[in-house]
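Here is a short report on a two-chain model. The sequence and structure come first, and the notes follow.

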Amino acid sequence: MTVVVNGEAHELPAGTTVRGLLAALEVPGGERGVAIAVDAEVVPRGEWDTTELDDGARVEVLRAIQGG
Amino acid sequence: MSVTDQTVAADPFVVAGRELHSRLLLGTGGFRSLEAIAAAIEASGTELVTVALRRIDPEARGSIVDVLESSGVQLLPNTAGCFTARDAVLTAKLAREAFATDWVKLEVIGDDRTLLPDAPALLEAAEQLVDDGFVVLPYTNDDPILARRLEDVGCAAVMPLGSPIGSGMGLLNTYNLRLIRERAGVPVILDAGVGTTSDAALAMELGCDAVLCASAISRAEDPTAMARAVRLGVEGGRLAYRAGRIPRRLHAQASSPDEGVAEF
């Protein structure tokens, strides 16, 4: 299936969870301070293991940067 | 402890029930390195520091969250870059997940050129976030009526601009800022436009409860020294406000006695 992550298409196995996506992305610095939205809805950290991504899902993976 | 230090210590700044010992909030945008942020935090004495949320950068090195945690400050996530109430609300909810804080510096921007707040969208987003349990600190225009409306919907403070973000033009409408301060029942935090220490001092002399400063410190030639300078400006301005300045007069008033002047 194809999932759009931060605006770029990624091919992932069907049934990939949010946690699985994070592992595949190899996010630098680990998961601290990371937040995730799928199709413009927040996915709480406690649901990363159980939330499966659908084909065509639009995922935003965000973290803190300098600002404000 | 000097008299001045005692006066500062006895004058806590309280936002949403949280007592802060510094009236200077620090924005982290524009610093050249994480080390420079850490040094500025120490020099500024700040306890509340803003961060933004952006897409992960695979090339990023170091973590601002680590730097802020080791400095012992509270993170204040912002919604910078949001142009609609919907995006700002979603960003605030993501920040709450990322940082385990329900505090948010709410920004809903009207356009890229001015970065001025979009008033109707700001009010809409503020209302939604307050209803969702957030402690909302909105970046707002220097508009006394809008500030009142933001307070009415439950914002924990109002953050009027002195002038546009990053412009360093100082306080363009001190009259409006005084009106905001006069009516507000929540803290007034001067946000945006500070160019140097005197701007921060003036905001405090007008009665603002605190100042948020980013570019003036982060983009200064020596950010650490400027952090210290703005801190002193904020403290000096606060002391002057509480001390009560003399009224302005059109004509001179002699400071030496009129009586007993020698006649030659």
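## Strand pairing across the chains

A:Gln66 stands opposite B:Val51, a residue of strand S4 of chain B. This is a predicted model. The pairing behind that position joins strand S5 of chain A, residues 58-66, to S4(B). The two strands run in the antiparallel sense, and five bridges link them.

## The contact between A and B

How many residues does each chain bring to the contact? Chain B supplies 27 residues and chain A supplies 22 residues. On the side of chain B that touches chain A, the elements giving two or more residues are strand S4 (48-55), helix H3 (64-71) and helix H4 (85-99). H4(B) gives the most, with seven residues.

What is the make-up of that side of chain B? The residues divide into 16 nonpolar, six polar and five charged.

## Chain A: overall build

Chain A has one helix and five strands. Along the sequence they follow the pattern β-β-α-β-β-β.

Buried residues account for 31% of the 68 residues of chain A. Take the contacts in chain A with a separation of 6 or more: 60% of them involve residues 24 or more positions apart.

## Chain A: two positive phi angles

A:Asp39 lies in the loop between strand S3 (34-38) and strand S4 (41-42) of chain A. It is not a glycine, yet its phi is positive, at about 50°. A:Ala40 is found in the loop between S3 and S4 of chain A. It too has a positive phi without being a glycine, here of about 65°.

Are these residues buried or exposed? A:Asp39 has 13 C-beta neighbours inside 10 Å, so it counts as partly exposed. A:Ala40 has 10 other C-beta atoms within 10 Å, and therefore it is exposed. The cut-off for exposed is 12 or fewer.

## Chain B: overall build

Chain B comes to ten helices and ten strands. The radius of gyration of chain B is 20 Å, close to the 18 Å that the globule rule gives for 264 residues. Chain B is therefore as compact as a globular protein of that length. Taken along the principal axes, the C-alpha atoms of chain B fill a box of roughly 85 × 40 × 35 Å.

Of the 264 residues in chain B, 45% are buried. Among contacts in chain B between residues at least 6 apart in sequence, 63% join residues at least 24 apart.

## The largest nonpolar core

In soluble globular proteins, nonpolar side chains tend to be buried together. The largest nonpolar core here holds 96 residues. Which of them touch the most other members? They are B:Leu106, B:Leu137, B:Ile189, B:Val211, B:Cys213 and B:Val230. H4(B) supplies the largest share of this core, eight residues. H4(B) also gives the most residues to the side of chain B that touches chain A.

B:Val211 shows what surrounds one of these core members. Neighbours within four places in sequence are left aside. Its contacts then include B:Ile189, B:Leu190, B:Val194, B:Ala200, B:Ala203, B:Met204 and B:Val234. B:Arg23 and B:Leu24 are also in contact with B:Val211.

Technical notes:
Residues are numbered from 1 along each chain as its sequence is written. Chains are lettered from A and ligands numbered from 1 in the order in which they are written. This is a predicted model: local features need pLDDT of at least 70, side-chain atom pairs count only at pLDDT 80 or more; totals for chains, interfaces and linings use all residues. Two residues are in contact if their C-beta atoms, placed from the backbone, lie within 7 Å. Helices (H or I, at least four residues) and strands (E, at least two) are DSSP runs, numbered from the N terminus. Ala, Val, Leu, Ile, Met, Phe, Trp, Tyr, Cys and Pro count as nonpolar, Asp, Glu, Lys and Arg as charged, and the others, Gly among them, as polar. Two strands pair if DSSP finds at least two bridges between them. A residue is buried if 20 or more other C-beta atoms lie within 10 Å of its own, exposed if 12 or fewer, and partly exposed in between; C-beta atoms are placed from the backbone. The radius of gyration is taken over C-alpha atoms; the globule rule is 2.2 Å times the number of residues to the power 0.38. A nonpolar core is a set of buried Ala, Val, Leu, Ile, Met, Phe, Trp, Tyr and Cys residues joined through C-beta atoms within 7 Å.
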